[in-house]
Amino acid sequence: MVKISQKWLACLTAVCFALSAGHAGTPGGQPQPPASPPAFPSGDYTPHGYIDNPYHSLVANRSGVVRTFPPLGFGWWRTEAVGGGYGWGDRDHVNYLSLLRISVATGTHVFAGEEDFSRSGVRLSSSYHTKHMLSYDWHSDSLAFSLKCFLVNEHALGCFLRVTNERGTGTDVRVDATHICRIGATQWWGSDGLTARYVPERDASVSKIWAYGDVFALAGSLRSTDHMSTASNGEWDRWIRENVPASVNTASLQGRGPLLSVQRYRLTIDPHGQAGMLVVLCRGHNESETLVEVQRALADAPVALGEQLAEDREFWTSCPVLTGGWPDSWRHGWVYDFETLRMTVRRPIGIFSHPWDGMQVHSPRMVLGETSLDMMTLGYGAPALAREVFYGTFADALASNVPCAREDGSVNMISSDGSECGTAPMWGYPLHMLRALFAASQDTAWLAVLYPHLAAYAEWWLDHRTDAEGWLHCNNSWESGQDGSRRFLVAEKNEGAVADFVRTVDVESSMAEGLGVLAGFARVLGKNGDAERWNALAARRVGNTRSMFTGGSFHDVDGRTGKPIVLNGYDDVMMLAPVTCGVATDDQIRALQPKFSYFLEHPRHGLEWPPLLFTFAEAAWNAGQREAAARAVADAATRTYARTDARTVIPSRDGDPFSYRIPGVANEYWPVGDVVPGSENYGWGATLPMFIIRNIVGFREAPDGSAQTFLLGPCLPASLPASGTGLPASGAGLPAFGSPLGITNLRFGRLTFDLSITRTAADTIQVSLRPVNESKDTFRVIDRKTGREVASWSPGSAGPVVWKGTNGTVYEVGLER
C-alpha cells in the first residue's frame, strides 16, 4: 500500500504542476507548455545538448539517443553519432537520423541557419537545459522567441513554440517545421531510399524508408498553410527564405538522403501579446500506426512535459547550486554535469531490477568503478536515488565481484583466460564512496541490506585475487580499470592479457581501507565479531602496502622475482593510492611530497581522467597539500567547462553536416589541450561537482565516517578563474575581495545548509554557514589544528554562523543532538 500511495502521490503532483502552468491553452486554443520550474538555476546556457531517451538500451531496445541539431533542431540518432560511445549502441538494424528542425521568419529576418543569427547580431542561447527539456531562446525585432524541445514518449518528439510581441502593433511570424530523414551508414535489406508525401486529411507530412524501415510523420497543432518535400538542400533553403507559397506534395530519392519535408505555419500576434503552437515528429512501423501516434502526441504533450518538469523541480529543489562569484562557465558546467548524471541512471530492465548506472548513454553497461564515482556525485543532489543505484549494483550483480554487464546478462569484460571480470576495489573506490554516502545519510536500513553484498565482494577479492603468498593482484589491465597500462608489463600488447603476477599496490591499499570501512559498517550494525575479523584482515593489507615502498615511492612488485617494478620515465598517479586510502605512514607521506608538484606540472600523466584525479586529490588532501588538490580540480574544471559551455559545435573533418560534437553535456574525460575528450554523455566525466565540493568548498565526511562530525576546509586556489569568466583573474588569480562564492543545499544527516566563502585578504577567508532547514542540531566549529572553537550555532539562532580563517584550514563541525 505504501508504494501504491507514493506512486499516486507522484502522479498527482505532476498533474497538478502541469495544470497550474495553464494547459487550458492560449486564446487561440493552442496548447500551452507548462511553466519552467523556478528551482532550475537561471542562466544563459549553450543551445546544444542531449534530451534523455530513457527507453534506449544497447541490447533490448536500440531506440536511439536524442541530440540537438544546430541551430534550432533535435532528433533521434539511431545510427553512429560522432560523439557516440563504445559498441556503436546508437545504431540498430534499421538505422537512421530523424530530426525536427524549426525555422522562423519575421518581417525582416529569417532564422534558419547558424549564420542567420550571427549575421543579425542575435545571440541564441538556452534558458532551460535539463535531461527532459532544452529550450532555444532569442530576441529580435522586439520579438522574444522560445522553443521548448522534449520527448513526449519514446516515439514522439515535441516542440512548443512561443513568440512574445513586445511591440505596440500586431505582427505575423512564419514558422517552418522540417523533418530531416537520412538512412544510416549501415545498409540492410530494404534500405533502398526515402519517400515522402503530404496527407491532407491529417495535415501531416509522412516520410518512409523504402522498401523497409520506420515511418515518420510531422504535424502541428495549427493547420499548415503550405508544405513541400525535397531532396535538395538548395531548394529547401530557397523555399524557406523566399516565402514561396506553392506546395509540393511528394518527393522520393534513391540512396541515403537526406530527404526534407516541410510544413509551414503562420502565427498572428496581437500588440504586447503572445502566440504559440506545438509541433510533433513521430515514428512507427507503418503509416496508420504513426498517424495515430501523432494524434496521441498532440494530445498528451502538455501533461507529459508537465510530469517531466515536475521531476526537474524535485531534483533542483534539493540539488546544490553554485551561487555568487563563480565563473559563468563553472555555473553552467555544473548543471550540464548533474544533468548528464541524471541521464546516466537508466530505468530497471532485464537483469537490473533497480535503477542502474549505464556509464554512458550510447551503449549502456554496468561497471562498478564508474557507478561509484557517478553515484558519489549524484548523491549530493539525489541521495536516496544514489543509494538505491549503489545497492542495486551489488544486489543485481551476476556474481560477487560485480562483473561488468549489460541488461540481458551478457558480460563484457572477459579476460584472455575466460575470467568474467568486474573492476577492482581501487577503481572508483566503491567502499570509500559508500562510507561517505552513509556518513551523510546515516541510513542504517539501507546499510543493513547492502552489507552482505559488500562482505561478499571483499571475500571474493581475497579468495580469487590473492596469490599463494597472500598478495593481491588484478587478472588483467581491464580489471584494474587502467586499460593497457605499462605497469602490467604485458598489457601494452594485449590489454586483456593475464597479468596476475603483478602485485598491485593500489589494490592492496584500497582493500586495506575497504576492509576497515566494512569493520565500521559492521559495528554500526552490531556485528562486532565481523568488525574484529575485518580489522585483522585489514592489518595484513596495511602491512603489505607499506612494504611496497622503496626508493622514495610506492611500486608494484613482480611476483615472479619479488622485485619492485620500476619503469624509467613513467610515473603513475595510482602509486599515490596508499595516501588516498590513509594507509601510508607519515614518513612515507613526507617522502612523497615532491610527487604532488610533479603531477600538477604534468597533468597529462594522471590528472585528465576522473578516477586518477580522485586518487591525486584525496592523496593531496590527506598529505596536507590542500592547495595542490584545489588547484588540480580548478584547472580541470576551467578547461573542461570552457569546452562544455562553448556556443558552437565542433564539425568533423569529413564535411558531413550531421557529423559533429556538441557542448552542453559531459564527456568521458578532461584532456589538456585540443584533444577529443572521448565519448559524449559519459557519467564519470560529469563528476567535477564532487571534486569541487570536496576540494575547493572543502565539505567532506570525517576520516572515520562519523555520524556526528563533518569537515569544512575551504581552499580557494590561485588558479580559480575570476567571476563571470573562464580566465584566471589578474594578480593572484583569486576572486576579487568581497566577492562571495556560494553553494546551496549541502547536507549532512538532518542538517541542510548553504555555504558562502569570501576572500577578505591575501590568504584570509570568511565563511558563512546558514542552516536552511529546521535543524534541531546544535553544532560547534573547531579548528582541527589548534582545537580552538571558532563558531557555534544552536536551534533558534538568528542568521548564519560566520567565522574568519586562513585559506585551506580544516574545521570540524561537530553536531550535538
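How many bridges join E11 to strand E12 (residues 215–220)? Select both strands: 4 bridges join E11 to E12, and the two run antiparallel. Strands here are DSSP runs (E, at least two residues), numbered from the N terminus, and two strands pair if DSSP finds at least two bridges between them.

The model is predicted: local features need pLDDT of at least 70, side-chain atom pairs count only at pLDDT 80 or more, and totals for chains, interfaces and linings use all residues. Residues are numbered from 1 along each chain as its sequence is written, and side-chain values use heavy atoms, with hydrogens and water left out.

Next, select Ser207, which stands opposite Phe216 in E12. E11 and E12 form a hairpin with 3 residues between them. Ser207 in E11 is also the bridge partner of Ala196.

The E10–E11 hairpin has 4 residues between its strands, and Asp203 in the turn has a positive phi of about 45°.

Finally, turn to the cavities. A cavity is a set of points on a 1 Å grid over the protein atoms alone where a 1.4 Å probe fits but cannot get out; lining residues have an atom within 4 Å of a point. Select its lining, including Tyr50, Asp52, His56, Met343, Arg346 and Asn681.

Terms used:
1 Å grid on protein atoms, 1.4 Å probe; cavity = no way out; pocket = protein on both sides within 12 Å on 5 of 7 lines; lining within 4 Å.
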